[in-house]
Amino acid sequence: MPESAPLSAPPVAKTVPFERTHHGHTFVDEYEWLRDKESPEVVAYLEAENAWTDQQTADLAPLRGKIFDEIKSRTQETDMSVPTRLGDWWYYARTAEGKQYGIQCRCPISGPDDWTPPEPAPGVELPGEQILLDGNAEAEGHEFFSVGAFSISHDGTLLAYSTDVVGDERYTLRFKNLLTGELLPDEIPGTAPGATWAIDHSHVFYLTVDESWRPDTVWRHRLGTDRTEDVTVFHEPDERYWVSVGSTRSEKYLMIWVGSKITTEGWVLESGNPTGEFRVLLPRREGVEYGAEHAVVAGEDRFLVLHNDVDPESGVKAENFVLAEAPVADPSALRTLIAHRDDVRLEDVDAFAGHLVLGYRREALTRLAVWPLTADGYGELTELEFDEELFSVGPGANPEWHQPTLRLGFTSFITPSRVYDRVVATGEMLLRKAQPVLGEFDPTAYEQHRDWAVAQDGTRIPLSIVRRKDLPDGPAPTLLYGYGSYEASIDPGFSVARLSLLDRGMVFAVAHVRGGGEMGRHWYENGKTLAKKNTFTDFVVCAQHLIDTGVTAADRLVADGGSAGGLLMGAVANLAPELFTGILANVPFVDPLTSILDPSLPLTVIEWDEWGNPLDNPEVYEYMRSYSPYENVEAKDYPAILAITSINDTRVLYVEPAKWVAKLRATKTGDAPLLLKTEMSAGHGGVSGRYEKWREVAFEFAWVLATSGAYRP
């Protein structure tokens, strides 16, 4: 049959019974054979699913084209970021019309007191501009391209950068002399993202991963030597822990961080002695997390430590973290600076020569405060205030230790991103850039507000709702997004692409379900391991609330989630299919029990702190089995489903959605369309290149609009 001939029916995967037995229970998995991505039969099946999806969505091609054109027309394609000062240079990124990838550049400062960045000048070369890395040139000849490390030496003469041209998140690290433009002969394949320079500019620290894609080893490389001479400076054998390496803003210390989902350990070394031995900051203790930053307070070197250990002053476990200080010589001598609060989750502390910046979360919103350092210690803490009901605020790029301004970013669902420099001494807010939205965009045409749904146990679940103000009364087509894992918060943020939904009469809503971090650490704890089902029932309650309050109706409501949020999508499809007309699942984690039972798979062991260990614990096994989307597919009328995955994904393997769709197709009743789309040359993040990403968004949004009834072909 010619490839162009229409298909009369969707692909049907063959069944090959495969038994998985644990704790006296046997599960017969008929689609496990799809795991072999090297098999021509598996590739043929995925391509047949792609062909079916293409055919079933062919009538949406005009709408996809319109949405792509809208995104493109609203985006200032030739653009420039606000320059950030580091040493004697302003660093920034450019994009150019027609180019897929960014271009990293710099230009010289005018003098030591120059803290006013050059005004972003899209398409205009700044005086003395140097191109450091052109992603378009690096990507030439490759279907996929991603930058993993981009690190400038402290004297500004060297660049360490790494690239991935496959999508498997294994990068090749290279070095460039920025004075001559010469690419140095040093080349290190198979690294994890990131690279950290020692202050001597001749040693660099990088990471490699184990067979499970877990960063586990820190290496030291001396420029000009062969990789075989690189020195292992730290190795973490415990598979529950990930390793990272970096430096303090003061540049005085190199830091190695070792962390599981619930435990942290830091190691420190003076950057001026890169060949020395790292020493432990605070020895790891199960269930205790901490982070540390170097500060100079009243002339003394100190570590500022955010931790969730028992607060010695109150005797209470600091679930939402406390801020303490300790002498560098004795990090265990902690003194609490900011005590624990049930309603405030401390998240970050940044130290500068003259002030501290605190990041925290209250009432499901991010907050920032500036805390001056005085000759005697600490001054008066000031929280930054904003006049929108929903917003996100956070520090931007602030690499300099001695800087009189604080770079920060602000956005909301209806306010395009803004970049400010706050003058620390006066509190003046200097707007450096507002994200341009081309065309007839009017932010006053849209509104956002917070609503609350109530779970069965009485917990109030926050909902963020965004729409056009002129939307007619009555139930509207609605896209409800959720995630709910890893303490990740879905904070308000502007999206150019989302305008294509809002302007066609759709409501966009976010269900801030438990398992995320919006309401503090307890919000996370009550949506993980043996409380994971709260994530799913919270989302169902939010959907029902939108229906009950007249925002939408079941025949107009589409659910959306990706990765761990894709697990959420699979679970609610089983729990309450009647509430949704469609479900969009991106790289969905829908076969979690199979994956978490196999410690040889990427990332499995470290995930046991998030989901529990079903391999050793029968209770966890039964609990996960009771909610696993794949294992609970039933003969019921499911809504329309679009599952999107990538064949090179190392985090959520393509086989999970492939098996899920195959089982749904063989089991479900009803005639709602079921589609699987596999990117055949991409990883967890999907396609690379901004235009390809826009096309992918257009594909998804066209399906959402048609499925919700907001568009009729």
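Reader: Which residue in β9 does V147 stand opposite?

Author: V147 stands opposite T163 in β9. Bear in mind that this is a predicted model.

Reader: How many bridges join β8 to β9, and do the strands run parallel or antiparallel?

Author: There are 6 bridges between β8 (residues 146–152) and β9 (residues 158–164). The two strands run antiparallel.

Reader: And the turn? Which residue takes a positive phi in that hairpin?

Author: G156, with phi near 75 degrees. The hairpin has 5 residues between the strands.

Reader: Where is H154?

Author: H154 sits in the loop between β8 and β9.

Reader: What does H154 touch, leaving aside its neighbours within four places in sequence?

Author: H154 is in contact with W197, A198, I199, H201 and E251. H154 still counts as partly exposed, at 25% relative accessibility.

Reader: How far is H154 from E313?

Author: They are 40 Å apart in space, C-alpha to C-alpha. In sequence, H154 and E313 are 159 residues apart.

Reader: Other sheets. What is the strand order in the open sheet of 4 strands?

Author: The order is β24-β25-β26-β27, with antiparallel pairing. β24 (344–351) and β27 (382–383) are the edge strands, each pairing on one side only.

Reader: How many bridges between β25 and β26?

Author: 8 bridges, in the antiparallel sense. The strands cover residues 355–362 for β25 and residues 365–372 for β26. H355 has P372 in β26 as its bridge partner.

Reader: Which residues of α1 are buried?

Author: V42, Y45, L46, E49, N50, W52 and T53. Looking down the axis of α1, these buried residues fall within an arc of 160 degrees, so they line one face of the helix.

Reader: Why would residues three or four places apart point the same way?

Author: Because an α-helix has 3.6 residues a turn.

Reader: What do the buried residues of α1 pack against?

Author: They pack against α11 (655–667), β39 (674–679) and α12 (690–708).

Reader: How many aromatic pairs does the structure hold?

Author: 22 aromatic pairs. One of them is Y486 with W611, an edge-to-face pair. Its ring centres are 6.1 Å apart, with 90 degrees between the planes.

Reader: Where do Y486 and W611 lie?

Author: Y486 is in the loop between β34 (478–482) and α4 (499–502). W611 is in helix α9 (residues 604–611). The pair links distant parts of the chain, 125 residues apart.

Reader: Is W611 buried or exposed?

Author: W611 is buried, with a relative accessible area of 1%. Y486 counts as partly exposed because its relative accessibility is 27%.

Reader: Why do F539 and F580 count as stacked?

Author: Their ring centres are 6.1 Å apart and their planes at 25 degrees, so the pair is stacked. F539 lies in helix α6 (residues 533–548) and F580 in the loop between α7 (564–575) and β37 (582–586), so the pair ties together parts 41 residues apart in sequence. Both F539 and F580 are buried.

Reader: Which residues do ring pairs link into a cluster?

Author: F68, Y691 and W694.

Reader: What lies over the face of W33?

Author: K14, at 5.0 Å from the ring centre. R284 lies over the face of Y241, at 4.5 Å from the ring centre.

Conventions. Residues numbered from 1 in each chain as written. Predicted model: local features only at pLDDT ≥ 70, side-chain atom pairs only at ≥ 80, totals over all residues. Heavy atoms only, no water. Buried < 20%, exposed > 50% of the residue type's maximum accessible area, 1.4 Å probe, protein only. Arc of directions from axis to C-beta. Contact = heavy atoms within 4.5 Å. Pairing = 2+ DSSP bridges. Phe/Tyr/Trp six-rings, centres within 6.5 Å; stacked < 30°, edge-to-face > 60°. Lys NZ or Arg CZ within 6 Å of the ring centre and 35° of its normal.
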